[in-house]
Amino acid sequence: PTHGREPWVSDGTAAGTKLLRDVQPGSGSGTGSQWVEVGPRVAFTAFDRQGPRAFFTDGTPAVTRPVELAGPNKVLNVLGRIFAVGSRHIVFSAVNAGRVRMYQSDGTPGGTREIPSTDGRPPSSLALSDGHALLDMSRPQTGHELFKFWPGATTQRTGSSCAGGSRRPQLSTSDPILGRTLVVHARGLPNGLGRNGALVLMPPLRQPTPLLRTRCIAHGDWT
């Protein structure tokens, strides 16, 4: 065969189904896995000639690239899971030049950095709380403990969206960055709603609050 098992992209039609990237050129298999939505892009892991790596893609071959550091020792071999943090970054454990560390990346060499004091086993979970990322990690110095770091401006879901009918729309937003536009995405809107709707922005709430004349509940963080 011209290639092995590789990541593909499709819009659901035969004409729109194509090879995303031949990660392992030739008959070898890159075997894409761990597909994680990161804003308008997707991150995944695959095996290229440098080993297991994280990739970012916008669904086109030209913009499907491995996550690398700037400088001569740029290769990051992924260990364990990758986690989406907000709409721009992923966090993952990787080996670089024989050292195991956690890294945060926006998909560019300049936007890929080592997270300090993360020389432990790959975490099994990660959560956002009060603007910080929390993860569990085992380190020789401390054992299995909870760690916290600031990943930059991020958004996090609190509660769920609602609308008329039984279906709940899926809402997501881009990260709030000073000087940039905050974009809200809605999926699964009820039939007939179309582009009509309302986005309610409010300060943090201490408890869920019913919205007047609706069956919707407003949720807020305890900050």
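1. The model is predicted: local features need pLDDT of at least 70, side-chain atom pairs count only at pLDDT 80 or more, and totals for chains, interfaces and linings use all residues. Residues are numbered from 1 along each chain as its sequence is written, and side-chain values use heavy atoms, with hydrogens and water left out.

2. A nonpolar core is a set of buried Ala, Val, Leu, Ile, Met, Phe, Trp, Tyr and Cys residues joined through side-chain atoms within 4.5 Å. Buried means under 20% relative accessible area, exposed over 50%, and partly exposed in between (1.4 Å probe, protein chains only). The largest such core has 14 residues, and Val67, Leu76, Ile90 and Phe92 have the most contacts inside it. At least two residues of this core come from each of strand 3 (33-38), strand 5 (51-57), strand 7 (77-85) and strand 8 (89-96); strands (E, at least two residues) are DSSP runs, numbered from the N terminus. Strand 8 gives the most, with three residues.

3. A second, separate core has 11 residues, including Met102, Ala133, Phe147 and Phe149.

4. Thr31, in the loop between strand 2 (18-19) and strand 3, has a positive phi of about 50° although it is not a glycine. Thr31 is partly exposed, at 29% relative accessible area.

5. Ala97 lies in the loop between strand 8 and strand 9 (99-105). Its phi is also positive, near 55°, in a residue other than glycine. Ala97 is exposed, with a relative accessible area of 60%.

Methods. Helices (H or I, at least four residues) and strands (E, at least two) are DSSP runs, numbered from the N terminus.
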